[in-house]
Every structure is written in structure tokens, then in C-alpha cells.
Amino acid sequence: MDLEVQVAVNFLIGYLVNKLPRRRVQLFGEEVVKKLTKKFEGHWYPEKPCKGSGYRCLLITDSLDPVLSSAAKESGLNLKDVKANLPEKLCLWIDPREVSYRIGEL
């Protein structure tokens, strides 16, 4: 789980680096890792990677996913700035042995 979470977080912060304060983006990434790791405990099934996939999906629609909102607040980033620099209509799935995303249709 640790590798998949880190890959997903690196994907997200790639959109924020050089656009928002570097140290705060780093703190944001650390907070997201902590929050996702905690959230996924008991919902990670390496033998059945699709089981619980919807629970492990991060959504950015008209608002940020609650995990991302909470991490932004705790790292001192403005929610509007984070949302403005991430793709619109982003679905990010974090599953055993796979991280995938879709931008666009929801």
C-alpha cells in the first residue's frame, strides 16, 4: 500500500510544484500520505485488487476530496489554490499494484 499511496501523492503534487509554496506542497504531500494510509487500513485487498476500489478513489469535482481538503488546511495551503492547480473532474484510483486516473467525464 505504501508504494501505491506514494505514487498517487507524487502524481498530485506534480501539479502543485512550482505553482504554490514548495514547503507547503511538501507538507501537503506528507499529510495526504498519512491520511490515505489511515483511510485504507482495513480496505486493502491485495488478493482482490478491485474490491473496495470505489472507497479508494479520490475525486475532484466542484470540490476537493475531503482527504485533500483536510491535508490542504493542515499544511497551510488555500483550498482554492490547490483546486485551481489540479485537473478538473479528476478521478484517482489507488488499488493494490495499480494507480490509475481519469480526467474529464464523471
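Modeller: One term before we start: a nonpolar core is a set of buried Ala, Val, Leu, Ile, Met, Phe, Trp, Tyr and Cys residues joined through side-chain atoms within 4.5 Å. Keep in mind that the model is predicted.

Colleague: Which residues touch the most other members of the largest nonpolar core?

Modeller: That core has 26 residues. The members with the most contacts inside the core are Phe28, Leu36, Leu58, Leu68, Val82, Leu86 and Ile94.

Colleague: What does Leu36 touch, leaving out residues up to four places away in sequence?

Modeller: Leu36 is one of the members that touch the most others. With those sequence neighbours left out, its contacts are Val5, Val9, Leu58, Val67 and Ile94.

Colleague: Is the pair of Phe11 and Tyr15 stacked or edge-to-face?

Modeller: Two values describe a ring pair: the distance of the centres and the angle of the planes. Here the centres are 5.4 Å apart and the planes make 85°. Planes over 60 degrees apart fall in one class. So Phe11 and Tyr15 are edge-to-face.

Colleague: Why does Phe11 count as partly exposed?

Modeller: Buried means under 20% relative accessible area, and exposed means over 50%. Phe11 falls in between, so it is partly exposed, at 22%.

Colleague: Which residues form one aromatic cluster?

Modeller: The structure holds three aromatic pairs. The cluster is made up of Phe11, Tyr15 and Tyr101.

Colleague: Which lysine lies over the face of Tyr45?

Modeller: Lys39 sits over another ring, Tyr55, at 4.9 Å from the ring centre. Over Tyr45, at 4.4 Å from the ring centre, lies Lys51.

Terms used. Residues are numbered from 1 along each chain as its sequence is written. This is a predicted model: local features need pLDDT of at least 70, side-chain atom pairs count only at pLDDT 80 or more; totals for chains, interfaces and linings use all residues. Side-chain values use heavy atoms; hydrogens and water are left out. Buried means under 20% relative accessible area, exposed over 50%, partly exposed in between (1.4 Å probe, protein chains only). Contact means heavy atoms within 4.5 Å. Rings of Phe, Tyr and Trp (its six-membered ring) pair if their centres lie within 6.5 Å; planes under 30 degrees apart count as stacked, over 60 as edge-to-face and the rest as tilted. A charge sits over a ring if NZ of Lys or CZ of Arg is within 6 Å of the ring centre and within 35 degrees of the ring normal.
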